[in-house]
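The tour below says what to select at each stop.

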Amino acid sequence: MLKIDRQAFILHQVNLHNKVLSTDLSRQVKVSDDTIRRDIQQLADEGKIIKVHGGALSPSFHNTYSSTDDVYAYNQKKVIAQKATSLIKDGMFVFTTGGTTIIELARALPLELHATFISGSVPVLAEYIVHPNIEVIAIGDKISKDSKITVGLEAITKIKQLKVDLCILGVSAINLEEGVSDNDWEVVQIKKAMIEASKKLVCLTISEKINTRQPFQICETKKIDTLVTELSPKNLLLEPYQNAGINVL
């Protein structure tokens, strides 16, 4: 693979999954770790990605964004957010994770909604607190600087003490065989705890992430109650998930 093609692939993976690991990229494009590190450094120097230990981040994921032009697949994520609001009813207690799709969900919540939202994502909490009628609970502990989400044993312990109506996950990767996965071990543990403390699981994802995988499994497909994408539920890409018993929006 030529350098220009390799760097285009890296940039796309960063935008798609928000965070990538150098070791995964090296395996995918079949080059050395040193080559990938040089590519990441060049892309970071050009301001296209943010270099972190062991990989890279999308600038729109790392920073609380103000411009929709900075967000990958913004229009699709806005559609997903609007669909997902229909699942949230008055009086519900709802876990949410972080990410740009969840931020759009927070911004799309109807002003008349009365519900309680629980999250450890600093950017998402900032959106929730300006809503006039929802209650907000912040999960405290150490904050991951990469994801801006609280992680660690204290956060997991607090989550396990609760039993809520919905867990709404922003998905990094999903496929039928392995379920939902991510590449941040600490964040994965938080998401697992949220799922176990919830009556139902809702996964939000742009269709481009469907049938992809990341290193660490969050849950099996059978755990998912509802899958929300920007596509029509009748789209053939979603048919296997409907056949697996998942409600598709």
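**Stops on the tour**

Select Ala-106: leaving out residues up to four places away in sequence, Ala-106 touches Glu-127 and Tyr-128, where contact means heavy atoms within 4.5 Å. This is a predicted model, in which local features need pLDDT of at least 70, side-chain atom pairs count only at pLDDT 80 or more, and totals for chains, interfaces and linings use all residues. Residues are numbered from 1 along each chain as its sequence is written, and side-chain values use heavy atoms, with hydrogens and water left out.

Ala-106 lies in helix α6 (residues 100–108); helices (H or I, at least four residues) and strands (E, at least two) are DSSP runs, numbered from the N terminus. Ala-106 is buried, with a relative accessible area of 6% (buried is under 20%, exposed over 50%, partly exposed in between, with a 1.4 Å probe and protein chains only).

Next, select Phe-117 and Tyr-128. The ring centres of Phe-117 and Tyr-128 are 4.8 Å apart and the planes are at 40°, so the pair is tilted. Rings of Phe, Tyr and Trp (its six-membered ring) pair if their centres lie within 6.5 Å; planes under 30 degrees apart count as stacked, over 60 as edge-to-face and the rest as tilted. Phe-117 is in strand β5 (residues 116–119) and Tyr-128 in helix α7 (residues 122–128). Both Phe-117 and Tyr-128 are buried.

Finally, select Trp-185 and Phe-216. Their ring centres are 5.4 Å apart with planes at 75°, so this pair is edge-to-face. Trp-185 belongs to helix α9 and Phe-216 to strand β13, 31 residues apart. Phe-216 is partly exposed, with a relative accessible area of 27%.
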